[in-house]
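Please consider the following note on the model shown below.

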Amino acid sequence: MGRDAEISRILGSAECGPDGSGIVVLLGEEGIGKSRILRSVAERASAAGAQVLSAQCWTAEKNVPFAGLRRLFDSGSAAASERRVAAGLRLRSVASARAMLGALDAPAGTVIVMDDVQDCDAPTLAALCWLTRHAANRRVSVLLAARGDIAPAGLPSEADVLYVGPLSLGSAAEILDAQPGAPVGRRRLEVLQGAAGNPSALLELCHATRVPGARAFLASPAPGVTRVERGFVTRIRDLPAQTQRALLYAGVAAPGEDMAAIMAALGAGDLRVWAPAEAAGLVTVDGRSIVFCHPLGRSAAVAWQSVHLRQQAHRDLAAVGENPAHRARHLAAAALGLDADVARDLAAAAWSAGDAFTAAGALEDAARLTPSPGRGIRLGQALLAACAVGDLQWVRALHEEFIRHNGDAQSGCAVACAVATTLSAASHQKEAFDLLMEAAERCGDVSGPLALAVATVATCIAEHSGLADHRRQAMRILARAEAADDAGGAAPEVLALLDDTALRSALQDYISVAVGQVLAAPVLRRLEHPRLGVLPDGPGRIARRLAAGTVAYRADEPDTCIEQYRRADSQLRVRAAFGIRALTVAPLADTLVATGRWAEAGTLIETAGDEAAVLGMSRVAADLRVLQFGLAALRGEATADDAAGRAVGIDVDLDENAATRARLAHARAWSAAARCDWTGAFRSLRSLFDADGEPEHPHLSARAVADLAVAAVRSGRSQEAAVVLRRIRDGAGERPSTRMTLLIHHAAALVDPEADPENSFQLALVNPGGEQWPLERAQARLSYALWLRRRRRTTGAREQLAAALEVAEQLGAGPLIAAVRGEMRASGVATAQEPSAVLGLLTAQQQQIAQLAASGLSNREIGEQLYLSPRTVGSHLYNVYPKLGISSRHQLRDLLEDG
């Protein structure tokens, strides 16, 4: 799981490809998953018909000549063993080894897999190297795995070395969640953080969470302890007592805690205490810090010591620590019961580390140390910090505890805002809105800031749900907030942020725009960034940036939107506050795609999607998955019209997530259009509007009007599109944004029976501001060129097509490139390209498959060479054809040969 990139690189390696033999070496720390990768590659090779021989090396046999080869052939197929016996070879000499290896000659090639080759005997390695250099016409691939980051001695310089790094956060979470009794909430996030992407550490730490209370290692490890962890315990027990104690203190220290403090707590003035641990490969010491080489090394150093010694380590570190946050953390860890003073210090220093995860954990610990009645306030603070992290299970657990310890209705209402925000990110819009309204009603007369907080969260939920009732209630709460604000009133302590008058004004402006009370453009001029740009980005400034960016998103002002969102996003990343980032990542990615910043959009979608999936934010993850699908469709990489729909529909109720539904419909339409399925494209886009043409989502639906008109013309549904166009035009009012004006003109040129098509096309293209949306501008040019060519005005059509092609090639929009080139050929313009330019549109694997297909090989033959199934090869070719503007193998051969 999570190793597709490594496996693809191995299978696509030049040395292990169809043209020769070679060696691939996997390196990485213990437990990182090298053996699993080898096994997966071996299984795929075997399924493709290759002969596979595999073995594991052992330390005890490192000095036994050819021990590795014996294991290799003894563990191989019966035929290999019989051949060895028949040949009478005993593997006692170099000649006998070469003779045995020389007999390998499987029709589909041979794959030799050896694990733990750092323990392999030298003659075996030498024989394998000889084989790869003298395999003649036989295809022999050797795959080796070794611990550490340096390849074993004796391997040829041409060996392909692949370092296996930690799992991605998403893959690690997927593995963790698949375990029986997997932890949830805070403990789950702590396991993921502690494992640092190491699969073995992940499983061990998961196992530890199933033990009530603190984990304790016995002198003899429990039966459930794995080989990897048992190895660390054994190595630590063999160290001098002072070094074991030093490892304990380093293990309980906070990440980044000063080494001088650790040495002072130990009472040691000499770094020689660390030398045995360094020699054992447990830590590295650079004079300023101590770093454990493996996550399980840290956990083993702490967990196998007694509870008393761990407590003493925390007390000693607290006694010498100068950092208030570290001191408070150690005192809290050493506390045996309620302690108001320690709780106060811990809460005061909670945010000093700067990240929401650390702060939320510290505030939760502070709440547990706080006597009643102050515990409720601390729980509320912890819940707000956990909301910034974004994990719904953690937020729910804190909310349940908060309700038990707090009876103040206003504080409960403030906390409900945080819970509702997290519920919304997890796609539960109706539950979030109902919780918010119930809390607001319980409050009765609320302060202005609190009412504004409720109105802000209600508006965010309404934007995602698209439900008219949610918008109406948000407007009612805004009016209540404005009335309460006039009367004054203090917000609960947990909403101290709203003491900022400028922030309250920005939130009021955002709500007014979002619920449709005022136009976005005039509000944006008040919010724009000259004042924000010179101020430090504290929480209030970040909130104002988010408000300004969201208004700009609604106003179709992409430069302001991107700038404000980028600045806020960078600050929130530093604070590990994905729960707040989740409000904006989809609009930011949406704007990046619309403005042609596809590489940046792809990176944001991938990284943010990983975090959203880890935190259980199903709505945010679905939005990003849909945007990724849409971007792939624009590039010509999407393979199935309903693939995203099936994936999203499992996790998200689209009936209460209209924004996700709108993005999905648009992405599916792009995918259908890439395959020239105009009926399917029209059907998807038409679902964005009700039977009367009213938009299902307040602003996302309207942005699809030009694409709807294009699909309508191509599928013969112009009259239906004209009905929608009239509703959008009426809803846009007298002063629509520049973007909406251009989209409406483009649509009118295609489907409005009362419009002058040429005048509408020119209006859609004349405004230079339209260059901000390059894809929409190129599509308008293509539509205009089609209209001109049908009227035999080929010169004008060629001018529009040339401009459209330039933009499409800059974007890498494969289907648009193919469509424009097709029209250029119809207009009599040659569009031949150099093969490098043609293949530049494809991924590395697609290039390889395209070249093999052009040479005349069948899908099955290509699959046999690349260890892929014929169906996978066909799927890749399905993606290749639209990118290159062709539809058959014959055209593919001609295209590459002509180049």
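This is a predicted model: local features need pLDDT of at least 70, side-chain atom pairs count only at pLDDT 80 or more; totals for chains, interfaces and linings use all residues.

In which sense do β2 and β3 pair, and over how many bridges?

1. β2 and β3 pair in the parallel sense, and 6 bridges join them. Strands here are DSSP runs of E with at least two residues, helices are runs of H or I with at least four residues, and both are numbered from the N terminus. Two strands are taken to pair if DSSP finds at least two bridges between them.

2. Residues are numbered from 1 along each chain as its sequence is written, and side-chain values use heavy atoms, with hydrogens and water left out.

3. On the chain as a whole: the secondary structure of the protein chain comes to 48 helices and 7 strands. Of its 899 residues, 54% are buried, where buried means under 20% relative accessible area, exposed means over 50%, and partly exposed lies in between (1.4 Å probe, protein chains only). The accessible surface of the chain is about 38,100 Å², and 52% of this belongs to carbon and sulfur atoms; the areas come from the Shrake-Rupley method with a 1.4 Å probe, and for residues only the protein chains shown count as cover. Among contacts (heavy atoms within 4.5 Å) with a separation of 6 or more, 68% join residues 24 or more positions apart.

4. On the sheet: an open sheet of 5 strands has the order β2-β3-β4-β1-β5, with parallel pairing. β2 (51–56) and β5 stand at its edges with a single partner strand each, so one side of each is left without a neighbour in the sheet. Neighbouring strands are turned by 15° against each other on average, direction ignored. Axes are lines fitted to C-alpha atoms, for helices over the stretch in contact, and angles run from 0 to 180 degrees between N-to-C directions. Helix α1 (residues 4–11) packs on the sheet and touches β1, β4 and β5, its direction making about 175° with that of β5. Helix α3 (residues 67–74) also packs on the sheet, where it touches β2 and β3 (110–115), and its direction makes about 130° with that of β2.

5. In β1 (residues 22–28), 7 of 7 residues are buried. Both faces are covered: one carries Gly-22, Val-24, Leu-26 and Gly-28, and the other carries Ile-23, Val-25 and Leu-27.

6. Ile-112 counts as buried because its relative accessibility is 0%. The C-alpha atoms of Ile-112 and Leu-144 are separated by 8.2 Å, although the residues are 32 apart along the chain.

7. On a helix pair: helix α41 (residues 774–790) and helix α43 (residues 814–826) pack at an angle of about 25°, with their axes 11 Å apart. The two are therefore roughly parallel to each other, since angles under 35 degrees count as roughly parallel, over 145 as roughly antiparallel, 65 to 115 as roughly perpendicular and the rest as oblique. Leu-775, Ala-778, Leu-782, Leu-786 and Arg-789 in α41 meet Leu-816, Ala-819, Val-820, Glu-823 and Ala-826 in α43.

8. On Ser-427: the loop between α21 (409–425) and α22 (429–443) holds this residue. Ser-427 counts as buried because its relative accessibility is 4%. Leaving aside residues up to four places away in sequence, Ser-427 touches Ser-618, Arg-619, Asp-651, Val-652, Glu-656 and Asn-657.

9. On His-207: helix α9 (residues 199–209) contains His-207. With a relative accessibility of 30%, His-207 counts as partly exposed. Between His-207 and Gly-181, 26 residues apart in sequence, the C-alpha to C-alpha distance is 8.6 Å.
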